[in-house]
Amino acid sequence: MDITDEETASSSDSIELESEHCHSITVEADKAVVGFIKVSDVIDIYNLEILDHFDLRQFKGFYKIQEKQAEVAAADLSGEEQEPSSTLEERETQMTEAPCKKYNAFCIRFFLTKKRFNLRSVDCIQYMFQLFPYLDYCIFTFDLPCAEFGFLQNFLRVPTEPTNLSPCALYIFHRSGLGRVEVRKAVDSDRAAVSDLVKDLNCNKSLLQDLDSFYNDPVSVMLQGFVAQMDTQIVGILIIKDEQDVDYLRAHYNIDNYIQFSQYRSEEHAHIRHFVLKPFRGLLSKHFFKEVLRLAHKSCLYYRTYPSHCSHQDSCVDPLDFVLNYAVPISPRKQIIYPLEELGNDAPSIRLTEEQAPFALSLICRKFLVQPRRNINTRIVVVGASDTGLSFLETLCLRPNLKFNNLALVSTHGFPGDCDHKDIGFLSTSHAYNSKDLALIHSNINVVKGKMVSINRKSKYVLVSGVGKVPYNYLILCTGLQYSVPNLTVENVRDPSNDQLQPQPTEHTNPGVVPSNLFTLNNVHDCMAARHWLYAKFLDQKDNAIIYGDNIDVYISVETLLSLGIPGSRIHLVLPPPEPAVFPNSLVENAVAAALKVANVHVHRDFVLAQMNSDEHPDRLTSVTFTNDSEPLHLQCGVFLNLSGKEIDCDVLESIQKSLLLFDDRLVIRATFLTTDSSIYGAGPLTRFSHWYHSDEWSHANFNSKEVGQDLAETLLSKLDAIVENLEEESPVEGRLIPIYKQAKIQGGKLPGGFNFLHVTKPSPTTARRPFTPTTQIVTGGVKTGNYFCIELDCNGLVETIICLSLEPLPISNYLTLYGKHEKLLGQMLRRYREGLLQDLYSFFRQRWCMPIFHDRYSDLEKELWEKVRLKDTGSQRVTEEDSDSSPPGSFLDAEGRATVRNVTQRFLANNKDLLPMFSEVEQP
């Protein structure tokens, strides 16, 4: 490839007259022009405005260091303190006075090459620096959203904050990137240079201690240290440690999806203890990791990212982006909850089952360094940390071939995993995410703590309270529904009419001053605030605790108050009319009612909140009044827990309406999640489908929120990921059908009486005009004995409903895997029940034969078996699609087919013997 400088002016408008500050470059291959580049060391006003949005302190603001030192020296002589100019006006003045002396960078103004020569265009970089021998930085900006092309893989992307309003992405290349870097093992003489390199970083003492341990006895501490050196300067250090928990990582994370463990020895695994690299040397990261893997004789490097509230993060890693750019996030695996007493010596090793502090795991190996992830710079802003929003973000983060650089989550209280909230109580849970899942998501996104108060569709930004403008290319609205703060205006409670008894629609208005003892609980942060207040200001008092609402959360809140030691006689549960069906059946409802009676909890039915009084202290609620069809109910109030009136948040509603998005009681969307704005998507209970579909009985609220979020991510990826678009068939024209999802709706919590409650059911429409489908119930135990277990089977024998009410802790993850399974796969459960052999479902599912069914890869075994079955019976057509949906594998096989199924199953047990050691290994014939 030949590179030449244009000597004369071209007639084209894009090639201006050459000067010492501006050069045009042509790129030739086989005597044919394949590219054109224009560079200049005059940073124009447009580029100055762009640079003003970025934090360039780590690059010295693109100023020459010696000149800044000269300014400091001059300031010292004059006795006055001077700060380096950083505003746009001062930069313009400096550029006017001496454009090529003050600024230490030149910019690429125009870049054009044929697509197949994009990667070869890196040959031009050295030539460009030869044109400007007195400058150290090359700057390249391009408008967002724009796909990153091959040429930019050699540049360092300057990270931005979610509030950065620059319309462009900024890439830089430092002259030192043209030099040769040497990666070698650290020696004693490097310590002073390393100490100077990390002196301003957190955990630098931990790094230096590990470095000293490596110097003194590297074998016993299993540490290895490596440095990156350019010329005589040390610019980076990497300390790794042999991975001793490989089996634990493999058992708890889906590492097998990326590497084949059988091809690696245990000593080839290590984890990153410390990593430091000078910011403008970021392009060396890839070479640094490659050389360390070679010199250390390792194949896999792991890195753990712990949540902010966890104290286990003692690694010194700076900048973290340099690690994550070449690492692939590994999703956590769903764990089997083993009945250790029943299994005895056949239980898995304690090294695999013991609980460790939650962390996000990332993996670096050679193939990821050879084929790095493709960077996506599109700004995607998600409003609302709901299950739908988190699922959407998780799906994007786990794409192994894509790296999303500008994912932002706008949440009122920040990220939900920022605090340890085990057993916080008050609210039901969908069991969608655990602490490991949340750690993975948080490590790959930016979090904006604040509340969305407006949407500017023209300028494409959302205004967040306390933060400012957050720009977007795509906006995802999934705030869900929230309990609303009661209107504190006084109503007339005399002679209440029947109309007053019906709960009125919540007014979407901001309340005034909210009393300090009034808690509207919507998320874990609200629950933690209420819990801390109760400990500090209520437990030792004698005032009443009033809980108001009409859903399962009010019962869970009652149990939470009882568990805190508050006597039931101080708790008043007020239920407004009409009372909906909160529980799945009357047995559970009666058990909860009996528990409330035993605890002496006061239950008031069919009452509507009418008045709230604060007496002399407007910041504290002292009494409340409710009405029904007979007489008012006056209660003294020490604390009021509000769990009524789930509606759209008033600020979200105002933002939607003022931005003129189509709204009809809910945000109106199409089947593809699009609103009336092609850049704004909606999902979750916040939305409803357009009337165009004639399916008012269905909305996202009827489905599993996590599954909805995954589908939303796949829909958006079809626009963003050119690779997916090339591999998949063209999307059909949007029809008149809405998507119907299949995963279960899940609800759980702890109810009065100490009952652990779990309800798993298939999605169903909100109206009652669904056709009747016969079901078969398998019920064991009872509510009085605290071991009630009910499973409902559909007409095909598939599990469609699970109801558990137990005084013992529930193995939730085990029971969730039962949904959608055929009863014959569950040990011929229906036949055993009818024969009287099945007396207790809890003990039935603690037997060792059930453990493979609870394994997270059991679904893969089912798919493989079905493929074998279909291939076996293709000629006879004995297995049809209808059969495959209603019967388990092996129901139609002859002796040879059953032998095939047996062999496949034995191979599955052998491959997973670390988690299923209760099965003896059978030699393959």
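The exercises below go from the whole chain to single residues.

This is a predicted model, in which local features need pLDDT of at least 70 and side-chain atom pairs count only at pLDDT 80 or more, while totals for chains, interfaces and linings use all residues. Residues are numbered from 1 along each chain as its sequence is written, and side-chain values use heavy atoms, with hydrogens and water left out.

**Exercise 1. The whole chain**

Describe the secondary structure, burial and contacts of the protein chain.

Step 1: Begin with the secondary structure, where helices (H or I, at least four residues) and strands (E, at least two) are DSSP runs numbered from the N terminus. The protein chain has 30 helices and 43 strands.

Step 2: Turn to burial, where buried means under 20% relative accessible area, exposed over 50%, and partly exposed in between (1.4 Å probe, protein chains only). Of the 925 residues, 52% count as buried.

Step 3: Look at contacts, meaning heavy atoms within 4.5 Å. Among contacts with a separation of 6 or more, 73% are between residues 24 or more positions apart.

**Exercise 2. Confidence along the chain**

Find which elements have the lowest and the highest mean pLDDT.

Step 1: Recall that pLDDT is the predictor's confidence in each residue, from 0 to 100. The chain has a mean of 85, and 84% of its residues reach 70 or more.

Step 2: Check the stretches under 50. One covers residues 489-509, with 36 contacts beyond four places in sequence; another covers residues 67-89, with 16 such contacts.

**Exercise 3. The nonpolar cores**

Locate the largest nonpolar core and name the residues with the most contacts inside it.

Step 1: Use the definition: a nonpolar core is a set of buried Ala, Val, Leu, Ile, Met, Phe, Trp, Tyr and Cys residues joined through side-chain atoms within 4.5 Å. In soluble globular proteins, nonpolar side chains tend to be buried together.

Step 2: The largest core has 63 residues, and Phe-392 and Leu-477 have the most contacts inside it. Helix 22 gives the largest share of this core, six residues. Another core, of 46 residues, lies apart from it and includes Ile-50, Tyr-137, Leu-156 and Leu-284.

Step 3: Not counting residues up to four places away in sequence, Leu-477 touches several residues, among them Val-383, Met-452, Ile-656, Gly-682 and Ala-683.

**Exercise 4. A histidine in a loop**

Is His-700 buried or exposed, and which backbone atom does its side chain reach?

Step 1: His-700 sits in the loop between strand 38 (687-689) and helix 22 (705-720).

Step 2: His-700 counts as buried because its relative accessibility is 2%.

Step 3: The His-700 side chain reaches the backbone nitrogen of Gly-684 at 3.1 Å. Beyond four places in sequence, the contacts of His-700 also include Phe-673, Gly-682, Ala-683 and Val-708.

**Exercise 5. Aromatic pairs**

Work out how the rings of Phe-275 and Phe-288 are arranged.

Step 1: Rings of Phe, Tyr and Trp (its six-membered ring) pair if their centres lie within 6.5 Å; planes under 30 degrees apart count as stacked, over 60 as edge-to-face and the rest as tilted. The whole structure has 37 aromatic pairs.

Step 2: Phe-275 and Phe-288 are 6.0 Å apart, centre to centre, with 45° between the planes, and their pair is tilted. Phe-275 belongs to strand 11 (residues 269-277) and Phe-288 to helix 10 (residues 285-295), 13 residues apart.

Step 3: Check their burial. Phe-275 is buried, with a relative accessible area of 0%, and Phe-288 is buried too, at 1%.

**Exercise 6. Backbone details**

Find where cis peptide bonds join Leu-144 to Pro-145 and Asp-318 to Pro-319.

Step 1: The cis bond between Leu-144 and Pro-145 has an omega of about -5°. Pro-145 is in the loop between strand 5 (137-143) and strand 6 (156-157).

Step 2: For the cis bond between Asp-318 and Pro-319, omega is about -10°. Pro-319 is in the loop between strand 13 and helix 11 (320-324).

Key: Polar contact = N/O pair within 3.5 Å; in protein donor to acceptor, adjacent residues only side chain to side chain.
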